[in-house]
Structures are given as structure tokens and as C-alpha cells.
Amino acid sequence: MAGTTHPLRPHPEEAARLAWVDVAKGLCILLVVMMHSTLGTGEALGGEGFLHTVVAFAKPFRIPDFFLLSGLFLGRVIDRDWRLFADRRVVHFAYFYGLWVLIQSVFKAGLITADAVGTGGKLATFGLHLAEALVVPYSTLWFVYLLAVFSVVTKLLHRRVPPLVVLAVAALLQMLPTAGWPLLIEEFCGRYVYFFGGYLFAEWIFRFADRVRARIGLALVGLAVWAVVEAVLVFTPTGFPEHPSVAGLPGVSLALGTVGALAIVAFASLMTRAGGPVTAALRACGQRSIVIYLGFFLPMAFTRTLIAKSGVAIDIGLASLIVTVVAVTVPLAFERLVRGTRLDVLFRRPAAFHIAPAPAAPRRAVPGLARPEPAPAP
């Protein structure tokens with residue numbers, strides 16, 4: 001297991017070769033925003049549109065691939081001391097989670113305190129809400145919360161438990177019927193296998209991406225076969241309320257999540273080789289995935305509400321697309337506007353919130369979600 005227990009640590013000179021990671025992250029964040037925008041818009045307008053089909057198709061692999069990508073670079077810091085590790089993989093995510101829980105909660109304060117009486121009661125209710133968010137992942141920010149949890153769990157298990165044992169247990173957890181369990185436990189069981197798999201098999205995944213670029217024809221055939229199988233399993237009903245489609249059945253879900261995540265890796269690798277404006281746009285979104293993820297909620301909700309209350313007759317699919325575009329572009333534009341100002345702290349962790357020296361290597365203006373901050377060279 002010596003070759004798989006220490007994920008690849010790419011040299012800075014390989015940055016161009018690893019551009020597919022940003023493209024894959026960009027595609028994943030777009031799919032995540034599309035899902036929230038489409039389902040919310042459909043509910044607000046009382047129907048479904050063409051994007052609901054896209055959202056359903058992407059459900060088996062959308063979040064698994066995001067977690068797999070997030071585990072790829074854990075090997076950079078897992079052998080470091082706990083202080084540095086915590087700074088890179090816990091405090092980093094905790095900072096953004098705490099800050100944006102507060103921001104989202106302020107905007108939703110009316111709903112949160114609706115049943116409270118008096119100013120004191122409202123303040124107490126709001127305080128309890130924030131306290132609860134420390135142990136129960138809040139709203140769309142649960143992903144950021146779990147990244148810190150997954151990192152700590154993997155660090156604790158590192159060199160103490162054989163990696164294949166961890167992977168096997170994580171796979172079994174993914175297949176458990178966790179509906180109705182506390183959110184943190186449910187999401188941990190359902191997602192950890194992909195994060196750990198990304199960490200454990202990082203070297204193999206990078207090599208897989210290289211092989212895809214070297215064998216374009218075979219890769220395209222493989223993607224076409226995958227897309228057909230994915231569609232058949234996603235849109236074949238089972239008759240079971242807990243698993244309405246075959247794609248959600250235990251075991252099948254794990255397989256589709258794994259294969260689908262690798263399909264996104266292959267697709268991103270091919271897009272990187274092809275280049276062009278679409279690839280550049282996806283890569284830009286991937287490089288600022290944390291900006292989009294943190295900031296999409298407010299413009300999404302505002303645009304959705306505006307469309308629903310306007311009374312204008314509009315196709316639900318088109319409305320969902322408009323909400324998605326606004327939810328993606330507004331955070332990017334806002335981040336660009338506040339870059340270098342005091343509001344920059346909304347998307348970049350300030351020095352005061354580091355518990356270890358900042359990385360010596362040059363950092364991006366805004367770190368990506370799956371690669372929060374480059375670790376010092378080994």
C-alpha cells in the first residue's frame with residue numbers, strides 16, 4: 001500500500017497539467033448552484049422545467065465528485081503537526097463557515113425569530129440558533145462544515161488504521177439507511193467515502209486524467225456509455241418511496257457516485273486539452289468555487305422571489321436558468337469589486353485568523369474550495 005497511502009504531491013511546475021482540477025471544480029459548483037436554484041424556483045412557481053432533468057441526472061455524482069476533489073490535496077498537509085494541519089484544514093473552513101452562517105442568519109433573522117416574543121426573546125432565539133449551528137451544519141454551508149470534519153477524521157485515522165479498512169468501512173456507511181438521522185451523521189455516512197477515496201487514490205486519479213488526455217477517442221466512448229447507463233438508472237423508477245429511482249438503491253448509489261466522479265475527472269481533463277472560452281470560464285469558476293459557494297444563496301433567493309412575485313408568465317426551465325446565472329455571476333462580480341478592500345475578508349481569511357504561519361508559496365487572491373491554501377513544499 002506504499003504507493004496509495006501517500007497521495008501525489010504535485011510540483012508547482014505541473015500547474016498547467018493540473019488545470020483539469022479547477023475545471024472539474026467549476027463544473028461541480030455550477031451543478032450545485034443549478035440544483036439549489038432549479039429546485040427552489042420550481043417550488044416557487046409550482047412546476048418543473050428542463051433543468052429539473054439535468055439536476056436529476058447529476059444527482060448521483062454532483063456532491064461525490066466535489067468531495068473527491070476536496071480530498072485530492074489532503075496529502076500535502078496530513079503528515080504535518082496538528083497546528084499547521086488545523087490551520088490549513090480546520091480553521092480555514094471554520095472561519096468561512098462561521099462568518100457566512102452569521103451573514104445568512106442576519107438576512108433570515110425575521111424567519112428565525114418569528115415565534116419569539118419581545119426584543120429579548122428574539123435575541124435569545126437568534127443566539128440559540130447560532131449556537132445550534134456549531135453542532136448542526138446550517139443551510140447550504142453544510143459542505144464547508146463537513147470538509148473540516150472529514151479532514152480531522154482522516155488525520156486521526158492516518159497511520160493508525162489500514163487505509164483499505166477505512167475505505168471499506170466508509171463504503172458500508174454510505175450504504176446505510178440513514179434517512180431521518182441527525183444531519184451531520186447522515187451526511188458524514190453518505191459522503192466520507194468519496195473524500196477519503198480522493199485522498200487515498202490521488203496519485204491514481206492524476207494518472208487517470210493524464211491517460212484520458214492521451215486516449216481521447218476511448219475516453220469519449222467511455223463517457224458516452226457512462227451517460228447512457230447513468231440516465232437509464234436515474235430515470236428508472238423502483239416503486240419504493242425511500243429510493244424512487246434505481247440510482248438511489250444501496251450499492252448502486254455508491255457505484256454511480258464513484259464512476260460519475262471519475263467521469264467528471266475525464267470530462268474536465270478533455271476540456272482542458274481542448275481549451276477555449278468555455279473551459280476558461282469553468283476554470284475561473286473552479287478557482288473561485290468558494291466565492292460562488294459562499295455567496296450564491298442571497299442572489300439566488302432574491303432573484304427567485306422577484307420572478308415569483310412579478311406575475312410574469314415565464315417558462316420554469318428558463319426561470320431556473322436565469323436564477324442560476326445570477327446566483328453564479330453576482331458573487332464573482334462582488335468578490336472582484338471588494339478585492340483589496342476591507343470587505344475582502346468575506347472571501348479571504350485574514351492573518352488574524354491563522355494559527356500557523358501563512359504558506360510561503362504564492363497564494364491565489366481567493367483560494368479554491370477543494371484546495372484551500374497551498375501547503376509549504378515537502
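Accessible areas here come from the Shrake-Rupley method with a 1.4 Å probe, and for residues only the protein chains shown count as cover. On that basis the accessible surface of the protein comes to about 17400 Å², and carbon and sulfur atoms hold 70% of that surface.

Before going on: this is a predicted model, in which local features need pLDDT of at least 70 and side-chain atom pairs count only at pLDDT 80 or more, while totals for chains, interfaces and linings use all residues. Residues are numbered from 1 along each chain as its sequence is written, and side-chain values use heavy atoms, with hydrogens and water left out.

The protein has 16 helices and 2 strands; these are DSSP runs, numbered from the N terminus, with helices being H or I of at least four residues and strands E of at least two. Of the 378 residues, 47% are buried. Buried means under 20% relative accessible area, exposed over 50%, and partly exposed in between, with a 1.4 Å probe and protein chains only.

Now the cysteines. Cys 28 counts as buried because its relative accessibility is 1%, and Cys 189 is buried at 5%. Disulfides, meaning pairs of cysteine sulfur atoms within 2.5 Å, number 0 in the whole structure.

Last, backbone angles. Most residues other than glycine have a negative phi. Ser 139, in the loop between helix 6 (118-133) and helix 7 (142-157), has a positive phi near 50°. Ser 139 is partly exposed, at 29% relative accessibility. Arg 159 also has a positive phi, about 65°, and sits in the loop between helix 7 and helix 8 (163-174). At 59% relative accessibility, Arg 159 is exposed.
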